[in-house]
Amino acid sequence: MSLEPAGLESAADSAAPKPRAKRRTTRRRVLIGAASGTGLLVVGAAIALNLRRPRLAQVIQERGTGEQTSPAPQVWFELTGNAITLFVPKVEMGQGVHTAYAQIALEELALAPDQLAVRQANTARGFDGGTLFTFGSSSVSAMFTPLRTAAATVQQMLTREAAAQLGVPQDQLVAADGRFTVSGTDRSRAFTEVVAAKSGPWEAPAEPPELKPSSAFTRIGRDLTRVDMRDKLTGTAVYGYDARVDGMRYGAVARPPRFGATLRAGRGPSTADVVTVIDVQAGFAGVVAATRTKARAALAALEVEWEGGTTAGSAEVDAMLTADRGAVLRREGNLPRAMSAPGAVLVEASYRTPLAAHGHLEPMAALVAVTPDAPGAAPGSGRIEAWVPTQAPDTVVSALRELLGEEREIVLHPTLLGGSFGRKGSQDTAIDAARLSAAAGVPVHVGWTREEDLQHGIYRPPTHTRLRGTVDPDGRLRGVEQHSASGDIIWSVTSLPEPVRDILGFDPGTLLGQFLPYRLDAYRVVNQREQLPIPSGPWRGLGLLPNTFALESFVDELAAAAGRDPLELRLANLPDTDDGRRLANVLRRAADVAGWGTPLAAGRGRGVACSLDLGTAVAQVVEVSVEQGRAKVHRVVAAVDPGLVVHPAGAALQAQGSIVMGLSSTLLEKLTMRDGAVVESNFDTYPILTMADTPPIEVVFVASDGIPRGMGEPVIGPVAAAVANAVFTATGERLRDLPLRPSNP
Amino acid sequence: MKLMVKGRPAEVIHPEEPLVWVLRDELGLIGTRYGCGIGVCGCCTVLADGEPVRSCQVSAAEMAGRQLTTLEGLTPPEGSDDELHPVQQAFLENPLQCGWCLPGHVLTAAALVEREPDPTAEQVEESAGRNLCRCGGYNSIRKNVLRAAEIARDRR
């Protein structure tokens, strides 16, 4: 059986993995591959997991994904006599990371964009899984300097070698478009020719390469054609659902009728056409057949009995989620005094956000090929090769080892992801496919139906937030008491022991957007972690959208109570700190572009909201009317300060996409629980935002300094609050639950 | 049975199955994408005799005798020097993100531009608005359909 994937390019196909022993590490942690007789040049740089979510970082460390700086090479350039290749150690799920990395590399490498081949790294090339883990909008911010350092090192080594080959001093060489030219002559040599003609080992430069100052950038901050788009437009791009291999068959897996239900018994025939796999102890029942349709038919014919599980409905889940106790996250100032400040107005409000799905358009999928044990070989020794659309390749590998044997050789190819938004950090589909492949002895692809995807998700958990606050009649904020409650986000995807989580008392994912950025005399924040009987986990921005909806709606309520303009109240109460100034700056910019304060058509209202997440400050002004009980959004203006913008067009798409997804949550999305299961089953009953409901969206970037920060998630923060605030302006009705359901006007 | 795809007959083993799976799994034409299976999302759109069809809603057998075009078969007009179809060119210039919905949007737009060389904004909404894009590229899609029509006109 051949395991060569049909139409699936992988890094391992082009060159054999190089043994680790031949690499050496310089003090600067730039790694050079040994040349061993060929001209091959391989340069990598180790990166620090430079996470801007300290608690998340801590959790990830505890999960054992590696040291802060891994000794393994993490980003690689490979130069041969034919090609110059960048292997990207992050997965591409639409966020544009392959393009952004190419762009950063091209800043230091004198190549034309089409001279740099960009390929997905996989676990066969020495990329440790921890680096491949793609999360938290951190790919560009974490790799910005290490990648430039590696690229500059390559350039420096090539220059030195070219000078030697051409017999001139280095300063007489001009490098451009992949070619060195001797100044004032027509003597030249291509980079690839330099590599091909190299004899003996490459050596790292003695001095660290000097990086270009930002004033000299010619690539960063400008646009570059997306490196993934041509394949996506011609049908050659391979996503997880597309992965194919010779001899593969299709699997389908029984799902419990209620969350938490366990398999009691299962029966089904195995025939010439269908392999039935039942493992009651593992709670697994599935089938393998020649086509997906036949697999589904065989699955429907299985007799499976389930027991236990939750019978909760939405009302019971909401009742479980009551923000009135929990871990104190912040306690500043004298709260009783601030809450009873003379003359101050007291406002109380309570907000809810619902259970919601990710709705990535490529449903969950995986292809796993477990090679049957060779005759006479130790049981469980067959190699595993897997093609998985995953944000977390390392956890998939660990899960496969745990399932099928710690000693197995495993090669995991991260495929393209057709959207993820946090959902594809799980291992469920790869485990499905691995169980079936191991039992059936053939490669098995499991591709979920939309119904499975929607009803067996790891959802955005519901939240409840109660707020009490005081404001002076002149608009000065005095005290805020905040109780928030959420289902699990991070805890559901970590293996920390329950007692540790209990002691901490809150889920770190809820910290995103959890705190008001304004000056307050007193501020108390209490967060309740609620273990709901529903699987919940990371969703774009984690707690950011639910928390910002509550907090920025509440600030609007305080402004209304004081009779102040909501924009002015925000600006007046932001502190004179770096964060405060950056927020004020984007607020002013968004207001300016949106024409804050200028007259609007009858029935329309403007709303404003802001947030600061992962170092990126965002403000949005939206224009809304209410028609037939629905909020209609006519315009969105977003001002975004992510520090440095590497790829403006890509960053703009991330911002547009965050706003559209945020509007979808604001206006439409809510999953209903009944008898322990999700009621909605597909996009007919769980509609997501369509073109018809998508307004013109203007995104303005405010580049504040030279440090790139998160772009994939932060812009989703203010959307819901800005729309709710605009509904209030338009109609006088304050809506405190998502999705927003205005009364008929 | 035989399906006519890319102008050539292709032998099909499971004609009773939904076209989307026959194209993808039997014929390896992965540029036709499954998204919902109920005809809502539009990811599986292919062209049958030039008209958009949701390939999750028809069996392969029902498409007997029709000329099918998938993303793989979308090519510039015969004899043209251009590498890409005008719609592909427009989406290359102004891309979407994850691209799972892209084949449906591209083929839907190709059909519109073929039928309406100078489509109005309303026609774009009516046509492209039937397909979902979770990455939120709707404003790009609006722009790209009009741009594709412009490229097609320029090439004539």
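Strand E22 (477-487) and helix H15 (544-562) of chain A each supply at least two residues of the lining of the largest cavity. Helices (H or I, at least four residues) and strands (E, at least two) are DSSP runs, numbered from the N terminus. The model is predicted: local features need pLDDT of at least 70 and side-chain atom pairs count only at pLDDT 80 or more, while totals for chains, interfaces and linings use all residues. Residues are numbered from 1 along each chain as its sequence is written, chains are lettered from A in the order in which they are written, and side-chain values use heavy atoms, without hydrogens and water.

**The largest cavity**

- A cavity is a set of points, on a 1 Å grid over the protein atoms alone, where a 1.4 Å probe fits but cannot get out; lining residues have an atom within 4 Å of a point.
- The structure holds nine cavities of 30 Å³ or more, and the largest has about 90 Å³ of space, a volume being the space filled by probe spheres set on the points.
- Its lining has 16 residues, and A:Thr463, A:Ser486, A:Ile489, A:Thr510 and A:Gly543 lie nearest the centre.
- E22(A) gives the most to this lining, with three residues.
- The lining comprises six nonpolar, nine polar and one charged residue; Ala, Val, Leu, Ile, Met, Phe, Trp, Tyr, Cys and Pro count as nonpolar, Asp, Glu, Lys and Arg as charged, and the others, Gly among them, as polar.

**Helix packing in chain A**

- Helix H3 (residues 97-108) and helix H5 (residues 139-166) of chain A pack at an angle of about 40 degrees, with their axes 8 Å apart; axes are lines fitted to C-alpha atoms over the stretch in contact, and angles run from 0 to 180 degrees between N-to-C directions.
- H3(A) is therefore oblique to H5(A), since angles under 35 degrees count as roughly parallel, over 145 as roughly antiparallel, 65 to 115 as roughly perpendicular and the rest as oblique.
- Residues in this contact (heavy atoms within 4.5 Å) include A:Tyr101 and A:Ile104 of H3(A) and A:Phe144 and A:Leu147 of H5(A).
- By class, the contact of H3(A) with H5(A) has 11 nonpolar, two polar and two charged residues.

**Helix packing in chain B**

- The axes of helix H2 (residues 86-93) and helix H5 (residues 138-155) of chain B come within 8 Å and cross at roughly 130 degrees.
- That angle makes H2(B) oblique to H5(B).
- The contact of H2(B) with H5(B) has eight nonpolar, two polar and three charged residues.

Methods: 1 Å grid on protein atoms, 1.4 Å probe; cavity = no way out; pocket = protein on both sides within 12 Å on 5 of 7 lines; lining within 4 Å.
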